[in-house]
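Here is a short briefing on aromatic rings and their neighbours. Please keep the sequence and the model at hand.

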Amino acid sequence: MHILAFLIRRAAQAMVVMFVISIIGFSIQDNLGDPLRELVGQSVSEAEREALRDELGLNDPFLVQYARFLGNAVQGDLGTSYFFKRPAIEVILDKFPATFELVLGAVFIFVSVSIPAGIYCAIHRDSWLSRIIMTGSIVGISIPVFLTAIFMVWLFGVELGWLPAFGRGDTVTLPWGWDTGFLTWDGISHLILPSITLSSIMLPLFIRLIRAEMLEAMGTDYVRFARAKGLSTWRVRYVHAFRNTLLPVVTVGGLMIGTLIAYTILTETVFQWPGMGFLFLEAVNRVDTPLIIAYIIVVGLIFVVVNTIVDFIYTLINPMVKLPGAKG
Amino acid sequence: MAMLEVQDLHVAFPRGKRDEVEALRGVNLQLEKGERLGVVGESGAGKSMLAFAILNLIAAPGRVSQGRVMFHGQDLLKLSDRKIRGIRGNRISMIFQDPMVTLNPVLTIGTQMIETLKAHRRISDRDARKLCIERLKQVAIPSAESRMDAYPHELSGGLRQRVVIAIALLTDPELIIADEPTTALDVTIQAEIMSLILKLCRENDVALILITHDLGVVAEVTERIMIMYAGLCVEEGPTKQIITAPRHPYTSGLLKALPQNAGRGQRLYQIPGSMPPITALPRGCAYHPRCEFADNGCRTRIPPLQGGVACFNPLKGASS
Ligand SMILES: Nc1ncnc2c1ncn2[C@@H]1O[C@H](COP(=O)(O)OP(=O)(O)OP(=O)(O)O)[C@@H](O)[C@H]1O
Ligand code: SF4
Ligand SMILES: [Mg+2]
């Protein structure tokens, strides 16, 4: 019951957010060049253009155009891509699996590196390894992502030739039409460099966050009390101290997934990764307005969904927050 | 042989690269089975250091730099990690000052109780739960069963301290070290919690080290008192003797400062000055800047603890 209440409240909030995003997305249309030039080329006369404009509704007042846009949008119709001549939403969603798997790969690397490293640096504060990690993380924070990316392409892709640095490799199409790269070695090897690049954006920050939170938890009275109770070192560290770092880590982690999605545009472009971000950049170059708007709205939706999930996890692990309607 | 015998205990903290300062400067203490000892002193005297050092729980960068803690004839400071863990929370339990921060906020009361039992006993989850509920009832927690699934923030400060006391009692310890167990609580429930601790110690024949800066409290609970000042024991003896006939000027000052010893309408007495920080101890008797009996000898030499008092010019005390 209470979970339902939570979801309803979140859905209402999500709708407000989506509404705002749709307005932003739609207003871009007005400010992005002339779609007719892309659509019909140079040879068409001005009168014919004007007629076409009328026909496409490009001369209607903003509000009318927006209402029409919104009406179509809620039915899943975000317009037809000028370039692909297919529904924009379809073009975007075709590329969704590629981006999703890239983000998943990045999150996987990110979680499996930052948590152990952060905990290690907190527990063995003065060891040489944690000094190296901490120094490295400062350096890491200050290097721009595209430099990391280009360096990795050059080193592993070109000089050493260990890993492919372009494209997605072999993919397998799953029954429901999802192209996955996880099922072939070629697909996975293509994923490695882009995932590392993408995760490197927040990895250093996160290692530092986990270390700081863990250090703080290790110094609390309840951890002292846990030791005074005679619990094992393992239990004191992980059940008592680390468990308490989860709240801030999940919160910041949720925010960072947003950043990470934003950086897929850059990563996908550098690695020619056929995902939504790469597509978006192409759409911008071609002034393919429906596609641009569709991208913004789909990404907005992803943000909202991710935030809801993070909120939900937060509520689950924080005993101080009770879901509305839950018995206290 | 006494149950617990602390010998010449020193605790040091690093200062700068080479130097160290001492929070405990050689403390001795003896405790028999079932005996209750009060440790009294102003803030910063080293009372908590003593408590943690007994269980070898001094947190880095601090360390026990010298001394022994003999418990039934074995030195707790020399035990392996594994062995000392078998003593902590099992044969010697602790109660901390602030129950608001002693319990882990993200774990249920039940989890925090059962894990303590399981660390020391081979016991099934069901039996452990039953025993925990029984203990919660012993410390007079209403609807004990449902409290097992509660989180600490759902309980009041008084109830939390009762939970902490219940945890301390879970394993039938021989000694409980209570570090200012009522200071953080509401005044109205302080006496309640104190008498609960006293009652449980008496009933179960548990020895108690009660740390406080309130001489009034220990007078009612403990059999012996140890007065600490700047990392040293300055006076030690039976409660009655110390309360009625203190010999160290500091003890006498503490007694005079008790509200119940001030006459009606009189202003509360205060010992002039304050205790020096361990980083700036005066030469000689650390109390001399505040002492009305201080003489030149006091300013150069540290008075040894002799006949229960560490003072060159002790007060008369009881005319024995
Ligand atoms: N990490 C530390 N580094 C340096 N000095 C410390 C550290 N922790 C404690 N001390 C010093 O050790 C001395 C003794 O501290 P302790 O906590 O034992 O005092 P206390 O008698 O328990 O006081 P209170 O009544 O405030 O609890 C204090 O002077 C304190 O400043
Ligand atoms: S030794 Fe001297 S200064 Fe210290 S308490 Fe006794 S009389 Fe006072
Ligand atoms: Mg203390």
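A:Y66 is buried, at 8% relative accessible area. Buried means under 20%, exposed over 50%, and partly exposed in between (1.4 Å probe, protein chains only). The model is predicted: local features need pLDDT of at least 70, side-chain atom pairs count only at pLDDT 80 or more, and totals for chains, interfaces and linings use all residues. Residues are numbered from 1 along each chain as its sequence is written, chains are lettered from A and ligands numbered from 1 in the order in which they are written, and side-chain values use heavy atoms, without hydrogens and water.

**Aromatic pairs**
- The whole structure holds 15 aromatic pairs over all chains.
- Rings of Phe, Tyr and Trp (its six-membered ring) pair if their centres lie within 6.5 Å; planes under 30 degrees apart are stacked, over 60 edge-to-face, the rest tilted.
- A:F19 and A:Y66 are edge-to-face, because their centres are 6.4 Å apart and their planes stand at 70 degrees.
- A:F19 is partly exposed, at 42% relative accessible area.
- A:F96 and A:W178 also pair edge-to-face, at 5.8 Å between centres and 90 degrees between planes.
- A:F96 is partly exposed, at 22% relative accessibility.
- Ring pairs join A:F96, A:F100 and A:W178 into a cluster.

**Charges over rings**
- A charge sits over a ring if NZ of Lys or CZ of Arg is within 6 Å of the ring centre and within 35 degrees of the ring normal.
- The charged end of A:R286 lies over the ring of A:F83, 3.6 Å from its centre.
- B:K256 sits over the face of B:Y269, 4.7 Å from the ring centre.
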